[in-house]
Amino acid sequence: MTDDAPVTDKPDTRRLDDLLEDLYHGQERVSRSDIYRRAVAAELPADWLTRIGALPEGEYSVDEAADLLGGSVT
């Protein structure tokens with residue numbers, strides 16, 4: 001049996017990237033709790049929720065959030 005999916009060390013971040021792009025549309029900074037609430041509502045996987053929940057309280061720019069969470073939004 002052949003698996004045609006590419007093997008990569010990086011997790012698939014498309015859902016996280018989409019969430020961040022949507023969340024930051026028209027916003028410069030967003031709080032960790034807002035990011036977490038939207039991630040829960042978007043039903044992101046538990047590992048992403050854990051990463052977001054581990055962020056220190058505060059507000060983040062999209063670049064900061066993407067860097068800290070491993071996303072690729074720029």
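## A tour around helix α3

Start by selecting R32: leaving out residues up to four places away in sequence, R32 touches I52, G53, L55, P56, E57, G58 and Y60, where contact means heavy atoms within 4.5 Å. Before moving on, note that this is a predicted model, in which local features need pLDDT of at least 70, side-chain atom pairs count only at pLDDT 80 or more, and totals for chains, interfaces and linings use all residues. Residues are numbered from 1 along each chain as its sequence is written, and side-chain values use heavy atoms, with hydrogens and water left out.

Stay with R32 for a moment. R32 sits in helix α2; helices (H or I, at least four residues) and strands (E, at least two) are DSSP runs, numbered from the N terminus. R32 counts as buried, at 15% relative accessibility; buried means under 20% relative accessible area, exposed over 50%, and partly exposed in between (1.4 Å probe, protein chains only). Now show L55: its backbone oxygen lies 3.3 Å from a polar atom of the R32 side chain.

Next, colour α2 and α3. How do their axes cross? They come within 9 Å and cross at roughly 170 degrees; the axes are lines fitted to C-alpha atoms, for helices over the stretch in contact, and angles run from 0 to 180 degrees between N-to-C directions. The two helices are therefore roughly antiparallel to each other (under 35 degrees counts as roughly parallel, over 145 as roughly antiparallel, 65 to 115 as roughly perpendicular and the rest as oblique). To see the contact itself, select R32, I35, Y36, A39 and V40 in α2, which meet L49, I52 and G53 in α3.

Zoom in on W48, which is buried with a relative accessible area of 4%.

For the last stop, pick T13, in the segment before α1. T13 counts as buried at 13% relative accessibility. Leaving aside neighbours within four places in sequence, T13 is in contact with W48, G70, G71 and S72.

Methods:
A polar contact is a pair of N or O atoms within 3.5 Å; within protein, one must be able to donate a hydrogen and the other to accept it, and residues adjacent in sequence count only if both atoms are side-chain atoms.
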